[in-house]
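Subject: Structure handover

Hello,

Here is the structure I promised to pass on. Please open it first, then read the notes below.

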Amino acid sequence: MNLRTLFLRSLRHHWRSLLAVSLGAAVGTAVLTGSLIVGDSVRASLRDLTLERLGRVDCALVAARLFRDQLAADLDAAPAILLRGSAMTDNARAGQVNVLGVDDRFWKLALHPPATQPREGEVLLNETLARELDARAGSRVLLRFEKPSAVPRDSVMGRRSEVVATVPLTVAAVIPSSGVGRFGLQANQQLPRNAFVPLATLQRALKLAGRANAMVARASSLRSDHDSQAGSLRHPTAALQTRLQQALTLADLDLQLRVHAARGCVSLESGRMILEPAIANAALAATADLGIPAAPTLTYLANTIAVGSREIPYSTVAAFDFKSPIANPESRIPNPESQDLKSQILNLKSQNPLGALRLTSGEPALALGDDEILLNEWAATDLAAKPGDAVRLAYYAADAQGQLNTAEHTFKLAGVVTLTGAAADPTLTPEYPGISDAKTMADWDPPFPVDLKHVRPKDEAYWNERRATPKAFVSLATGQRLWSSRFGNLTAIRLAPAGSAGVPPAEADLRKTAALFEKKLLASLTPDQLGLQFQPVKEQGLRSAAGATDFGQLFFGFSFFLIVSAAMLVALLFRLGVERRAKEIGILLATGFPVRVVRRLLLLEACAVAVAGGALGVPGAVAYGALMIAGLRTWWLPAVGTPFLHLALTGGSLAVGCAGGVIVALVSVWRTTRSLRRHAPVMLLAGKFAGEETPAAGARAARRRWYVAGAALLAAVASLAASAGGGAEQAAMGFFGGGAALLVAALAFVDGWFRREPASSTTVDAAHPPRARRVAWLGIRNGARHPGRSVLTAGLVASATFLVMAVTAFHQTSGGGAPEKSSGDGGFLLVAESDVPLHHDLNTPKGREALGMSSAAAALTGVRVTPLRLRPGDDASCLNLYAPERPRILGATDAMIERGGFRFEATLAETAAEKANPWLLLRRDFGPGVVPVFGDANTAQWILHRGLGEDFVITDEHGAPVRLRFVGLLSGSIFQSELVMAESHFLKLFPSQSGYGFFLIEAPVKRGRAVSQTLAEALNDYGFNVTPTAERLASFAVIENTYLATFQMLGGLGLVLGTLGLGAILLRNVLERRGELALLRALGFPQRALAALVLVENGFLLLTGLICGAACALLAVAPHLAARADALPWGQLAVMLALVVAAGLGSSVLAVRAAWRVPMLSALREE
Amino acid sequence: MRPPPGCCKRILPFNSAVQPRQESLRRGGARASYALMAATDSANTSGLSATNLTRDYPTRAEPLRILRGVNLSLARGDALAVTGPSGSGKSTLLHIFGALDRPTGGEVLINGRNPFALPEPELAAFRNREIGFVFQEHYLLPQCSVLENVLIPTIVAPDAGAAVAERARMLLDRVGLARRLDHRPAELSGGERQRVAIVRALINRPTLLLCDEPTGNLDRVTARSVADVILEMAKAENATLIVVTHSAELAARLPKRMELEEGKLEPAK
């Protein structure tokens, strides 16, 4: 005989009670492991979804510019035009449609290319879009999207009207919204609306032959021969980026080098009408390196050039430097008598590729000072201007929002130049389709408003003869001061290689220079600084698939109460088992077993039981996980959006969960085995495990509990008092804390009450209450027989009730009332997004007219629209399960910042002004590379995992890292999908983002629907989707509420499990008192009375728990109740509590049956 | 304290036990230190002595005094019957002698050692080595066979070797249960269960055998048989025997008899 034998014998003998414990452990393990399985499943599903939607695509480049589709071919990538737009049929319209112009090269990257591929004039719709459009093969569909434009629309020369392209197509087929039908570069589990169009069709429709704005590639095709030979392990994207730089041409950057043989120079110009700063800097650096003289120029359009009352309409003005060959400013005019004049002019020419401007006096024009201007002799004659006159220039200036305003500047006429040399050079003005190619001025099709009635015949004659030859000249510094924008400050750079012996270079030399310069320029430019950056989309997607929220942790949290209940059940069942074996333990101790050996024996048993429970729990875990996944696919679908989840098991989670379950079970029984030390063998031999408190000790214990109850009550009062001065959030937290403290007080009071000295029986006798009442009293007193057990049970029920009810305090409600400025809607009734950015002010008649919605003016009276810039990116809200790497970003205009509003959870406000309007924080300077942003508190905490003052790093348009610092956390706002920064910062980070894509709309509540409809219809071409802010908030709230419902449901299951514990205790009580019950029967108690006795005992504990929990929970949710009593899901709560009562009473019935079955005589004999 | 009868005869077995106990001492721990102490003490001051022993139980009003200064001295091998009315404290006294309960006041020395001065592990080892218990209820483990029940105390005995199983068989043979070794307690009669309990109490050669109403649950014939076994075995093992009983017949068979009345131990009338 040894301990092992004894252990095995005990296992075999007590298998029933141990099995019960084991089942409890199995439940705990199943729930714990099942939670991990849910996490695994979500991750695996997101991962699979990433692989499914990307197919063989590993890297992708989406640019804000159009490059040659040959560039993609050079890189073994598939070119594409990716656009966002809307789709229409005769009956329906769908917004936020991904228009994908692709060809065979793209389909080859799909895991399973569609059987039918679209041909010219056809479109392939995915099922989601087709369903929304009610379209099928053969249907006619109109696709609308923004016409890609090389010229930034926010620039003066940007075209802001007729920006929408409409392409009629025939549906070739509808493909499933899976596989390639789900293709998208943004990590999101929501089903996209995809329309696949042949690339050539799209290029033709957009007049962009041979151009693309995106390319996708697979990693295996990215390794260059060089890499392969060198066995390079470089990241595929880095390798691709290197190859991109090598393959890049000026055409990919909208650049061109014009050779002006007649003028002996080469001009670098951009199809964007303005040279991007990065390109301009690189070009100037390249010319310096190559030793080629360069003249940067900026040519602008003046609406009028006026002197006095005379004016010339629509003229170009060129700004470039006139370098003086003479250092002495007093001798600005070269002396024609000087023998050195020729060399002076030659020198001037060598310094200035544009050549000298010659004054009508025959002298070369010298450097202009600020606010000085030269007119050509045609203009000077027309204006009758003479040197020294004030010349007024009126011109369009685009503000930060891209709105054109007429500005005016007055110059001093420094001189009149002859129409020779550079002054007669029409190529100083970049070519602009619609103007440069117009035969007459009347044929102009400019992007800005012109009043052609001001154009005189002499203007037409000038145009006919000299085209866009500038009529005025200013210094480059002056021109840049007046006309530079975020898009650049040069329209061209002229290169003039020096000829030999003062002879202008030959055309061949110029071409050689151009080639040399091109090579140098392209070598010094990196594609990413030009917004050409390959992203490892698959790698990013797989990384994001780890999820913004760990569903394993989430469901662990949801199931926490269930796990705790299982642990308590294990502890309870184990303790009851040990208590039943008190005599056995007593004899072991009496025969000299040290307590630690007995404990070790019991722990060994517990280990065996826990391990068995763990093993039993594994299939249970799979079932639980499957149930939860099924729940997420059905009942809790709003939490994930689409039913894409599938069950996935990993050995790691099963092992961790199983080990966790075993540990939880062992920890649960640890206390019972520890308590052995306190038990005298004599008591154990008498079958008493819990021991009986002496009255004095009971009274002391009761006093201690009452002290605890008093302290907890004070804490509750303090918590409620502290919440009085704060806001709604603080009040909610204060009441929740107060409710929790009150629950502790109530349970401590109940514990004390159970342990107090009982009322004298004579008092009860004297009252002579009716029998039912006496039986009830006896039942209640029985509850006090084992105060620990009873309080544990009542506490379990109370805690569960409290948690399940109080958590409803966090149920989000979509107000439905009028918007409030200091609320989550910021006082805006509607929120809108447009698929095509708008460049006109919706608040002005002019803007509305430009958008073609003048007729809607009446309907929009009293409506104010606040536009925000939108940088598309990953949805950062809980609607997206992927961890966002590049969140959507909004740029708030100055007007929005000044307006302020919205409710903040926390801000970094320091000054009084910032505290009054936290939006001013968006303008705070945190130094280079740091941009202040707002984010919704939920987004920051749960999705981006950042707190106030913390940074989230993104890359700007040029690939440079930028730290977005959270300076304010919005509370329950409509900005849960994005981060908000000041427009000024936005435009620095993303200068190519033109127009506004996000709109906040203030409107009278009653007219909300009408305004919404008017805007949506009037701006239909732009894919203007209007949503009430309440609806947007509700869409976020529905997720939170779904999570809460999940928590409540699993909490309710925990509650039911708790009532099973109650049943176990009751059964144990009955079995312990079988002699007593038999005696009562012998004394004439009818079975019904005994049943009532047991029921009262159980019901008392059940009701005590329920009442304590519910009362405290009601206090906790008091602020919510005060606000909206109908916000609480009373029905659901009632069902849950009814379920608890039913489960509790069900277990009572079992106990009653056990009581009935007690054989009277044998029980009496045992006593 | 006078030497117990048969002490000389028992010296050899005890001395023979010193060797393994010293071995266990080298292994360290409470058991080892106790083994040395027990070996030394047993040679010098074996037996039981109680001086001015009191035991109170707290009640709502005032402490209830069960034992009011009990004095007792028994040599190794002595046999004492304690009688008294119900509630007089007989079982309490026995529990204190068996170190299962602590006295409120006074001192108990067993083989010259005060067990209540020992920390719990040493107290358990002391109880395992020096004391054997027979209760009115047999407290046999239902999951174990007769032989296994007897061997239970040897599990934690420091020097229990393979010989203990042989000794258990021998003792069970002596009480007439040689053919019931593999039976479970549920398959035994009341007398048989009690005999197993007696053998279990003696398996570790205790110097003190304490019996609490050992025949209380048995019929007269069986009770007599069990009493025979207790007396014979105690004598054979040279254990000091204290029997608490209501049975005058059983008490009469023991050489010494005392009565516990109003918390004091007096020679039986």
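**A helix crossing in chain A**

α9(A) passes α14(A) in a right-handed crossing. Keep in mind throughout that this is a predicted model.

The geometry is as follows. Helix α9 of chain A covers residues 277–290, and helix α14 of chain A covers residues 507–524. They pack at an angle of about 125°, and their axes are 9 Å apart. Why is α9(A) oblique to α14(A)? Angles over 145 degrees would count as roughly antiparallel and 65 to 115 as roughly perpendicular, so the angle between these two falls in the oblique class.

Which residues make the contact? From α9(A) come A:A282, A:A283, A:A285, A:A286, A:T287, A:D289 and A:L290. From α14(A) come A:L516, A:F517, A:K520, A:L521 and A:S524. By type, the contact of α9(A) with α14(A) has eight nonpolar residues, two polar and two charged.

**Where the chains touch**

Chain A puts 27 residues in contact with 27 residues of chain B. On the chain A side, the elements giving two or more residues are these:

- α1 (3–13)
- α18 (582–590)
- α19 (595–633)
- α21 (681–685)
- α22 (695–722)

Which of them gives the most? That is α1(A), with seven residues. The side of chain A that touches chain B divides into 15 nonpolar, seven polar and five charged residues.

**Chain B**

Chain B has nine helices and nine strands. Its length is 269 residues, and 48% of them count as buried. Take the contacts in chain B between residues at least 6 apart in sequence: 72% of these join residues at least 24 apart.

One sheet deserves a note. Three strands of chain B form an open sheet, in the order β2-β1-β4, with antiparallel pairing. Which strands are at the edges? They are β2 (64–74) and β4 (105–110) of chain B, each pairing on one side only. From one strand to the next, the twist averages 20°.

Now the pairing of β1 with β4. Strand β1 of chain B spans residues 48–57, and five bridges join it to β4(B). The two run antiparallel. For a reference point in the viewer, find B:T54: it stands opposite B:G105 in β4(B). As background, strands of a sheet pair through backbone hydrogen bonds, either parallel or antiparallel.

Best wishes

Technical notes. Residues numbered from 1 in each chain as written. Chains lettered and ligands numbered in written order. Predicted model: local features only at pLDDT ≥ 70, side-chain atom pairs only at ≥ 80, totals over all residues. Contact = placed C-beta atoms within 7 Å. Helix = DSSP H or I, 4+ residues; strand = E, 2+ residues; numbered from the N terminus. Nonpolar A, V, L, I, M, F, W, Y, C, P; charged D, E, K, R; others polar. Buried ≥ 20, exposed ≤ 12 C-beta atoms within 10 Å, placed from the backbone. Axes fitted to C-alpha atoms, helices over the stretch in contact; angles between N-to-C directions. Parallel < 35°, antiparallel > 145°, perpendicular 65-115°, else oblique. Left-handed = near helix turned anticlockwise from the far one by under 90°. Pairing = 2+ DSSP bridges.
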